[in-house]
Amino acid sequence: MKIKVLGTGCPKCMKLEEMVKTAVYKLGLDAEITHVHDIDKILSYDLMMTPALVVDGVVKLSGKLPSEAVLEKLLQ
């Protein structure tokens, strides 16, 4: 599984990255997590708001922080 957190480094973007790492560990997933800071790469996903979560190339969430339960559901 390839997970990307998209965001330029704002507090919400950093929080989403922390949440993803925690959820991946908790669920025991085999995942590669990267944080994309480059604005051109972020815009290539056709997003209007960050933070955003991309799982295996599909945008699963953008513009808000999910609850732990929602995040875990998105990652399963």
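Predicted model: local features only at pLDDT ≥ 70, side-chain atom pairs only at ≥ 80, totals over all residues.
Ground rules: residue numbers start from 1 along each chain as its sequence is written, and side-chain values use heavy atoms, leaving out hydrogens and water. Local features need pLDDT of at least 70, side-chain atom pairs count only at pLDDT 80 or more, and totals for chains, interfaces and linings use all residues.

**Exercise 1.** Work out which way strand 1 and strand 2 run, parallel or antiparallel.

*Solution.* Strands here are DSSP E runs of at least two residues, helices are H or I runs of at least four, and both are numbered from the N terminus. Two strands pair if DSSP finds at least two bridges between them. Strand 1 (residues 2–6) and strand 2 (residues 32–36) share 5 bridges and run parallel.

**Exercise 2.** Find how strand 1 pairs with strand 3.

*Solution.* Go to residues 52–55, which form strand 3. Its pairing with strand 1 is antiparallel, over 4 bridges. Check I3: V55 in strand 3 sits opposite.

**Exercise 3.** Decide whether E72 is buried or exposed, then list what E72 touches.

*Solution.* First locate E72 in helix 3 (residues 68–75). Next, apply the cut-offs: buried is under 20% relative accessible area, exposed over 50%, partly exposed in between (1.4 Å probe, protein chains only). E72 has 15% relative accessibility, so E72 counts as buried. Finally, take contacts as heavy atoms within 4.5 Å. Leaving out residues up to four places away in sequence, E72 touches A23, K26 and L27.
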